Amino acid sequence: MTDSPSDHPVLALLGTGAMGFPMARRLCQAGFAVHVWNRTASKANGLTEYGAIVHPTAAEAAARAHIVISMLENGQVVREVLFNQGVADAMRPGALWIDMASIAPTEAREHAQQLAVLGLRALDAPVSGGTVGAEQGTLSIMAGGSAADFAEAQIVFAPLGRSTHVGPAGSGQLAKVANQMIVGTTIGAVAEALILCAKGGADMGKVREALMGGFADSRILTLHGERMVQRDFAKRARMDVQLKDMRNAMSTAAELDCTLPIASLVEQLYGEAIAHGLAELDHSGLFVELAHRNGVE
């Protein structure tokens, strides 16, 4: 596959890990020509059966695309690939860069400014919904940048989930920071509540069922609470990634002279959990750290 239908832009997707792979697959299945690259090539090769073209370098993947999507690990990696590995230089004049990774808002703004100097456009459009959302096309997409670029990106966002334009460059990453603050804090609250009930002799699973449907209900209680009850901490979203996001929240707060005492405590708890060897667990694995502190097995 080398060309998309006439109404479909040619795409490149850089980073085909746990999130990027199913996203690229959905875009292929939606009829796009998709050029892909991943640092570990074996993680991209499986996309060829859906019609994607795998490239040995990120710059080669980006060179023919009208829209280049990033799903890389963090802001430092995004900058390295974009400006040091030649992606920005290889992109077509006027092409649109959509960074769907989670990076700091200041990094997103800096990248957009540098790309504008090169005659390129940018959206920061991080996602929430995890691997399940990526596979099912139900991601929540939070986009920062110009309204015109957001409108152009709708054809790409539609197969991936529900998108919302939240403001100028960097705003999408601000929304993702807010999302991760809520997720991390709620995981901690659910874990502590279930541990309290277990210490008091109640059945954690039944307590979770009792709370569902009331004011305490949430997707965290439903999904992550079940993982806590079942002690199923196989990683879907990693503890260390959650810590990265909490640290993004704290650095952003410092830049804005904003005090976040609850988020600060959650950041500390995730840091301590990772220091105690829990980095490879799902982020609901904060339960393990808190349970250990309370003598709950």
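Predicted model: local features only at pLDDT ≥ 70, side-chain atom pairs only at ≥ 80, totals over all residues.
Is Arg 238 buried, partly exposed or exposed? Arg 238 is partly exposed, with a relative accessible area of 26%.

**Stop 1: around Arg 238**

Glu 73, Arg 238 and Asp 240 are linked in a network of salt bridges. For the structure as a whole, the count of salt bridges comes to 14.

**Stop 2**

Setting aside neighbours within four places in sequence, Ile 274 is in contact with Met 239, Asp 240, Leu 243 and Ala 279. Ile 274 and Ala 41 are 233 residues apart in sequence, and their C-alpha atoms are 28 Å apart in space.

**Stop 3: two salt bridges within helices**

Go to helix α14, residues 286-293, and select Glu 289 and Arg 293. Their side chains meet in a salt bridge, at 3.0 Å from N to O. The two residues are four apart in the helix, so about one helical turn separates them. Which of the pair is buried, and which is partly exposed? Glu 289 counts as buried at 4% relative accessibility, while Arg 293 counts as partly exposed at 43%.

The other pair is in helix α10, residues 204-211. Select Lys 206 and Glu 209, which form a salt bridge with the closest N and O atoms 3.9 Å apart. Here the spacing is three residues, which means that about one helical turn separates Lys 206 from Glu 209. Lys 206 is exposed, with a relative accessible area of 54%. Glu 209 is partly exposed, with a relative accessible area of 46%.

**Stop 4**

Move to strand β1, residues 11-14, and show the side chains. Leu 11 and Leu 13 point one way, Ala 12 and Leu 14 point the other way, and all are buried.

Next, select strand β2, residues 34-37. β1 and β2 pair in the parallel sense over four bridges, and Leu 11 stands opposite Val 34 in β2. Trace the chain between the two strands: the path leaves β1, passes through helix α1 (residues 20-29) and reaches β2 in a right-handed β-α-β crossover.

Then select strand β4, residues 67-70. β1 and β4 also pair in the parallel sense, over four bridges. In this pairing, Ala 12 stands opposite Val 68 in β4.

**Stop 4: the largest cavity**

How many cavities of 30 Å³ or more does a search of the whole structure find? The search finds two. The largest cavity holds about 70 Å³ of space. To locate the largest cavity, select its lining: Trp 97, Asp 99, Ile 103, Ala 108, His 111, Ala 112, Leu 115, Ala 122, Leu 123, Asp 124 and Ala 169. Colour β5 (96-99), α6 (105-117) and β6 (121-124), the elements that give two or more residues to this lining. Helix α6 gives the most, with four residues.

Notes: Residues numbered from 1 in each chain as written. Heavy atoms only, no water. Buried < 20%, exposed > 50% of the residue type's maximum accessible area, 1.4 Å probe, protein only. Pairing = 2+ DSSP bridges. Right-handed = clockwise from strand over helix to strand, strands pointing away. Salt bridge = Lys/Arg side-chain N within 4 Å of Asp/Glu carboxyl O. Contact = heavy atoms within 4.5 Å. 1 Å grid on protein atoms, 1.4 Å probe; cavity = no way out; pocket = protein on both sides within 12 Å on 5 of 7 lines; lining within 4 Å. Points joined across faces, edges and corners; volume = space filled by probe spheres on them.
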